[in-house]
Amino acid sequence: METGTSRVKRGMAEMQKGGVIMDVMNAEQAKIAEAAGATAVMALERVPSDIRAAGGVARMADPTIVEEVMKVVTIPVMAKARIGHFVEAKVLESLGVDYLDESEVLTPADEVYHIDKREFTVPFVCGAKDLGEALRRIGEGASMIRTKGEPGTGNIVEAVRHMRLINSQIRKITNMSKDELYAEAKNLGVAYDLLLEVHQNGKLPVVNFAAGGVATPADAALMMHLGADGVFVGSGIFKSEYPEKFARAIVEATTHYTDYKLIAEVSKNIGTPMKGIEISKLTAAERMSDRGW
Amino acid sequence: MKIGVLALQGAVAEHIRSIERTGAEGVAVKHTHQLKDIQGLIIPGGESTTIGKLMRRYEFMDPIREFSAEGKPLFGTCAGLIVLAKEIDGGEEPHLGLMDIRVSRNAFGRQRESFETDLDVKGIDNPVRAVFIRAPLITSVGDGVDVLSTYKDEMVTAREGHMLVSSYHPELTEDFSLHQYFADMVRQYN
């Protein structure tokens with residue numbers, strides 16, 4: 001009997017496919033998310049848009065909130081640790097959290113080293129802007145990847161950019177000859193073996209979700225069309241006017257992303273989505289996607 | 001021979017891959033009308049709460065019960081086992097409620113307790129590599145249910161006539177012997 005094998009960790013992410021993972025800040029929101037059909041919840045002290053508004057240093061959530069959420073739902077509970085902050089990660093693992101997000105939404109604790117995720121029994125999800133970043137995180141032991149997007153903006157443009165870039169890079173790798181892969185591994189700064197796996201299978205070795213700016217049912221469906229295995233929704237749900245309806249609409253649009261009539265139907269009367277921010281209005285320091293490498 | 005995989009949420013592609021290795025054709029079932037084109041149906045792993053909700057919302061419940069009433073084989077893995085069970089511990093409302101078993105959700109604990117191991121399964125010659133992820137357990141079975149394997153005295157694989165369930169994920173490994181077993185059930189029905 002073996003726990004924490006890569007099959008067990010990656011398999012857990014496979015079970016999330018086609019699903020929506022929602023940010024929640026308390027037990028009540030967690031119950032709403034579960035009732036709406038979320039496949040997991042991310043327990044947080046503040047959603048990304050509030051983190052932006054509050055400024056200062058954003059850290060791991062208060063364990064009380066994480067435990068409170070774990071108590072009320074039967075779906076998996078995820079939580080975020082700062083980039084490189086392996087002690088926050090160990091603390092969250094000790095609470096029994098089902099998945100950890102080494103996340104650029106929080107203020108990085110280390111500017112050079114990410115967490116050595118192979119050291120953990122609990123699986124990790126990490127953000128990526130391009131194939132190199134995705135494979136570096138997988139090399140460190142991440143069992144699931146998500147686009148970074150630009151969290152807390154309600155603007156899908158960055159998530160689209162990252163998903164399209166990763167997919168076009170995968171297509172390029174698939175068409176390379178084996179000898180070209182060595183040079184490409186050097187260019188991308190990734191392990192050759194992982195690149196070879198992408199070359200052979202035409203996809204990342206782990207599940208790839210969309211995250212960072214999903215604000216409407218149509219946004220979720222767009223990301224599924226672009227090849228996402230599922231969707232993370234952060235500020236979008238509980239910053240909208242009617243969270244319950246909104247959450248359900250996003251789940252349905254994700255399941256049936258090719259059914260435009262259904263998306264039209266579920267998009268009716270769900271109130272105003274979160275306001276959103278134009279990306280060019282962000283200063284370099286405000287861009288979360290530039291955190292990590 | 002076509003075997004469908006209910007494709008509302010969860011590990012659909014992996015089941016289709018394993019089914020195709022048995023020589024049958026795998027079909028992702030997203031709409032109820034597809035049920036008439038298939039001879040067997042797999043309900044995959046995923047989140048049972050989510051799959052159950054989506055099955056109700058898209059009116060899969062009665063069509064799958066009719067599919068079963070015709071004696072067409074069903075195979076539930078992990079969440080799929082919960083969806084097929086007649087009774088769920090903790091008072092959760094049963095979903096399809098077709099198979100005479102009682103199940104307990106997340107019975108092995110949280111994700112950090114998830115594991116893989118080799119299992120002896122009745123009717124399969126070699127040990128089956130079984131991946132348990134936040135897995136459910138069968139806590140009791142009716143008279144017509146044949147328990148095919150146990151892990152530490154707990155029931156983890158069972159069959160009742162045309163229905164097969166496993167509390168683990170056979171689709172996450174390169175070993176497709178349990179899919180072969182199911183494909184044989186489907187072939188016998190035809």
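Predicted model: local features only at pLDDT ≥ 70, side-chain atom pairs only at ≥ 80, totals over all residues.
Student: Why is B:Arg105 called buried?

Tutor: Buried means under 20% relative accessible area. B:Arg105 has 14% relative accessibility, so B:Arg105 counts as buried.

Student: Where in chain B does B:Arg105 lie?

Tutor: B:Arg105 sits in a loop of chain B, between β6 (99-104) and β7 (115-119).

Student: What makes the pair B:Arg105 and A:Thr74 a polar contact?

Tutor: A polar contact needs a pair of N or O atoms within 3.5 Å, one able to donate a hydrogen and the other to accept it. The side chains of B:Arg105 and A:Thr74 make such a contact, at 3.1 Å.

Student: Which other residues does B:Arg105 touch?

Tutor: Contact means heavy atoms within 4.5 Å. Leaving out residues up to four places away in sequence, B:Arg105 touches A:Thr74, B:Glu47, B:Ser48, B:Thr49, B:Ile82, B:Ile88, B:Glu92 and B:Pro136.

Student: What does UniProt say about B:Arg105?

Tutor: An unreviewed UniProt entry places the feature "binding site" at B:Gly46, B:Glu47, B:Ser48, B:Arg105, B:Ile133 and B:Arg134. Such annotations may be inferred rather than shown by experiment.

Student: How do you know that these residues cluster in space?

Tutor: They are spread over 89 residues of sequence, yet the largest C-alpha distance is 12.6 Å. The lining of the second largest cavity also takes in B:Gly46, B:Glu47, B:Ser48, B:Arg105, B:Ile133 and B:Arg134 from this set.

Student: Now B:Arg134. Why does B:Arg134 count as buried?

Tutor: The cut-off for buried is under 20%. B:Arg134 has 7% relative accessibility, so the word buried applies. B:Arg134 lies in the loop between β8 (128-132) and β9 (137-141) of chain B.

Student: Which atom of A:Thr74 does the side chain of B:Arg134 reach?

Tutor: The side chain of B:Arg134 reaches the backbone oxygen of A:Thr74, at 2.7 Å. Beyond four places in sequence, the contacts of B:Arg134 include A:Met12, A:Ile75, A:Pro76 and A:Asp98 in chain A. In chain B they include B:Glu47, B:Asn106 and B:Gly109.

Student: What makes the second largest cavity a cavity?

Tutor: In a cavity, a 1.4 Å probe fits but cannot get out. This one has a volume of about 120 Å³. Among the residues lining it are A:Met15, B:Cys78, B:Ala79, B:Ile82, B:Asn106 and B:Pro136. By class, its lining has 6 nonpolar, 3 polar and 3 charged residues.

Student: How many cavities does the structure hold?

Tutor: There are 4 cavities of 30 Å³ or more. The largest cavity has a volume of about 220 Å³. Of its 23 lining residues, A:Asp23, A:Pro48, A:Ala211, A:Gly212 and A:Gly234 are the closest to its centre.

Student: Which elements of chain A each supply at least two residues of that lining?

Tutor: They are β2 (20-24), β9 (231-233) and α11 (235-238). The lining of the largest cavity has 10 nonpolar, 7 polar and 6 charged residues.

Student: What makes a pocket unlike a cavity?

Tutor: A pocket is an open set of points, whereas the probe cannot get out of a cavity. The largest pocket here has a volume of about 840 Å³. It is lined by 27 residues, and the closest to its centre are A:Glu14, A:Lys203, A:Leu204, A:Pro205 and B:Glu14.

Student: Which element gives the most to the lining of the largest pocket?

Tutor: α1(A) does, with 5 residues. The lining divides into 7 nonpolar, 8 polar and 12 charged residues.

Student: What about the second largest pocket?

Tutor: Its volume is about 320 Å³. Of its 16 lining residues, A:Lys17, A:Gly18, A:Met224, B:Gly10 and B:Lys30 lie nearest its centre. Its lining divides into 8 nonpolar, 5 polar and 3 charged residues.

Student: Last, A:Lys80. Why is A:Lys80 called buried?

Tutor: A:Lys80 has 7% relative accessibility, so A:Lys80 counts as buried under the 20% cut-off. A:Lys80 is found in strand β4 (residues 77-82) of chain A. The unreviewed UniProt entry gives A:Lys80 the annotation "active site".

Student: What makes A:Lys80 and A:Asp101 a polar contact?

Tutor: The limit is 3.5 Å. The side chains of A:Lys80 and A:Asp101 make their polar contact at 2.8 Å.

How values were computed
Residues numbered from 1 in each chain as written. Chains lettered and ligands numbered in written order. Heavy atoms only, no water. 1 Å grid on protein atoms, 1.4 Å probe; cavity = no way out; pocket = protein on both sides within 12 Å on 5 of 7 lines; lining within 4 Å. Points joined across faces, edges and corners; volume = space filled by probe spheres on them. Helix = DSSP H or I, 4+ residues; strand = E, 2+ residues; numbered from the N terminus. Nonpolar A, V, L, I, M, F, W, Y, C, P; charged D, E, K, R; others polar. Buried < 20%, exposed > 50% of the residue type's maximum accessible area, 1.4 Å probe, protein only.
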